[in-house]
Amino acid sequence: MHFDEFSRPVESNTVLNPKLWAHDSLKPEVRGRLLHIAEDFYNFVGLEFTVVDIVITGSNVNYNYTAKSDLDLHIIANTDSTECDRELEELFEAKRKLYNEKYDINIEGIPVELYVEQEGEPHVSAGIYSILTDEWLATPRKDIPDWDEAKVKEMTRTWRKIIQAAIKTADLRVLKTTFNLLKQYRHQGLHRDPMGEFSTANLTFKALRNEDVIKAMLKIMDRLHSQDLSTREFQEK
């Protein structure tokens, strides 16, 4: 399995994505569909909590979107009445993965990724739009920071080799460890690097995602996990 062509993680556009926006206003039909999707996801989670807001973030709420950018839809939750915060985070993450795997949701060909976000969590996106109140919470700027393309290419090549080596092992533990390290690398870039979403770490992750490297790794991990469970079931009989 080879991935060799670098896919630029961000582009500099003069207008917001016209598939979603009319100038700087979210198209009414897009807003309506997003509200319907959020309601469906809330019901899918199956847990009562206070919905503080419903927002969209990411490249498609900014001027740096590409043809491969998705749309991040976040339900902002107030769970103060629940004491087991860590368990809630795990539940929300599990439900998110199940929902995104079960339903192939897109708007005008743009994939929609669902999240439940705890109220008060810091935002790292330059553009944040509330579809609940139909207004900007953080207005994006057309001029994006200068990012180090050479460094991003270098780190993308490095991580590509690491992931390819992990795939060749066909070892689920190795693949899980590799993926967790990649997520930690991205998290540090988003939250500790002054460049935030334009940090080398985050843009490297985006480039790998655009190249479908991450998708390929996750697909193999799912297959190996299924094989592992099937083997154990066979051995117990």
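At what angle do helix H4 and helix H5 pack, and how far apart are their axes? In this predicted model, local features need pLDDT of at least 70 and side-chain atom pairs count only at pLDDT 80 or more, while totals for chains, interfaces and linings use all residues. Residues are numbered from 1 along each chain as its sequence is written, and side-chain values use heavy atoms, with hydrogens and water left out.

Helix H4 (residues 172-192) and helix H5 (residues 200-210) pack at about 135 degrees, with axes 6 Å apart. Axes here are lines fitted to C-alpha atoms over the stretch in contact, and angles run from 0 to 180 degrees between N-to-C directions. H4 and H5 are therefore oblique to each other, a label for whatever is not under 35 degrees (roughly parallel), over 145 (roughly antiparallel) or 65 to 115 (roughly perpendicular). On the H4 side, the contact (heavy atoms within 4.5 Å) is made by Leu182, Tyr185, Arg186, Gly189 and Leu190. H5 brings in residues including Thr204, Phe205 and Leu208.

After H5 comes Asp212, with a positive phi near 70 degrees.

Then there's the largest nonpolar core, with 30 residues; such a core joins buried Ala, Val, Leu, Ile, Met, Phe, Trp, Tyr and Cys residues through side-chain atoms within 4.5 Å. Leu20, Trp21 and Ile56 are among those with the most contacts inside this core.

How values were computed. Buried means under 20% relative accessible area, exposed over 50%, partly exposed in between (1.4 Å probe, protein chains only). Helices (H or I, at least four residues) and strands (E, at least two) are DSSP runs, numbered from the N terminus.
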